[in-house]
Amino acid sequence: MPQHKEEYYEELAKIINLCQSIRIKGEDPFLVDIPQKLQILRRLLPKWKSIEELLMDAEAIKEISLMVKLQSDWVKKKASGLFIDPFIIKAKISLMSKEALASAFLSSWHPIISLEQLTLKKFSEALDYWKTLIPISKRIKEIEELKELEEKTLDISDLVKLKFLSDKTFEEEIHKVKEELNNLKEPMDYWKFIIRESYEETILRAYVLSFIISEGYVELIYNPIEEKIMILPSRGIKKKMPKSFPIAINYEKWKGMKNE
């Protein structure tokens, strides 16, 4: 076989092997340059004389035909999936002006985060707010004064000094409450006894009753199961060793009890 003939066979075999390899491995069919391969086959066709040579040329044509079919199927598949060739997009972007690029970006921009930045307007507002604040030295002094305030218990003399009570009013109220207690024939609910129409009257009555209880004139009976507090005059007993039993009352408690 002449040397040129071997080279022709080798070119033909390369085309056949390349097409078969891509088809079997499922690689990109566009790796085969169809026009360039057909030009080779057209150039080699006059060289073939025997049946075997023509059959080999026919096999190369068949493999190239299969590549064309694979390329066609690939285009149809991408087109059905609205595929856009990235090379086309790249080319379009490179041809767009800066203004067109900015407009396209803004029309498709949907930020999910934002960045706050101090502007002159915000800085001016902050400065105006800062000017309205009390000087820090004065604020510290007020905080120190508040720290010096501590909870303390007020006795009757303190309430009189604060003009919350007068000696006469308190004595009259004690006398009045004692008379009511003396008329009790059986234990009475603590809350029913002290609750009055106004919150202030109720507080005063609770305070007076606590004063009388502390002197031992009234027994305080607590039922932990029913969580009830009852009062009962200590008849015949003038003094008893007082026991501490805190009863909390506030406006909400008074309001709830009054509506029952």
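Which side chain meets Glu180 in a salt bridge at 2.3 Å, N to O? The side chain of Arg205 does. This is a predicted model, so take the distances here as properties of that model.

**Around Glu180**

The Glu180–Arg205 pair links distant parts of the chain, with Glu180 in helix α9 and Arg205 in helix α11, 25 residues apart. Glu180 counts as partly exposed, at 25% relative accessibility.

Glu180 also forms a salt bridge with Arg196, where the closest N and O atoms are 3.7 Å apart. Here Glu180 sits in helix α9 (residues 167–182) and Arg196 in the loop between α10 (190–194) and α11 (199–214), so this pair ties together parts that are 16 residues apart in sequence. Arg196 is partly exposed too, with 29% relative accessibility.

**The other salt bridges**

The structure holds 7 salt bridges. One of them joins the side chains of Lys14 and Glu10, at 3.9 Å from N to O. These two residues are 4 apart in helix α1 (residues 3–25), which means that about one helical turn separates them. Lys14 counts as exposed at 55% relative accessibility, and Glu10 is partly exposed at 47%.

| Pair | N to O distance |
|---|---|
| Glu180 and Arg205 | 2.3 Å |
| Glu180 and Arg196 | 3.7 Å |
| Lys14 and Glu10 | 3.9 Å |

**A look at Gln71**

Now for a residue in another helix. Gln71 belongs to helix α3, which covers residues 51–80. Is Gln71 buried or exposed? Gln71 is buried, since its relative accessible area of 12% falls under the 20% cut-off. Leaving aside neighbours within four places in sequence, Gln71 is in contact with Pro29, Phe30, Val32 and Ile34.

**The chain as a whole**

Stepping back, the protein chain has 12 helices and 3 strands.

Conventions:
Residues numbered from 1 in each chain as written. Predicted model: local features only at pLDDT ≥ 70, side-chain atom pairs only at ≥ 80, totals over all residues. Heavy atoms only, no water. Buried < 20%, exposed > 50% of the residue type's maximum accessible area, 1.4 Å probe, protein only. Contact = heavy atoms within 4.5 Å. Salt bridge = Lys/Arg side-chain N within 4 Å of Asp/Glu carboxyl O.
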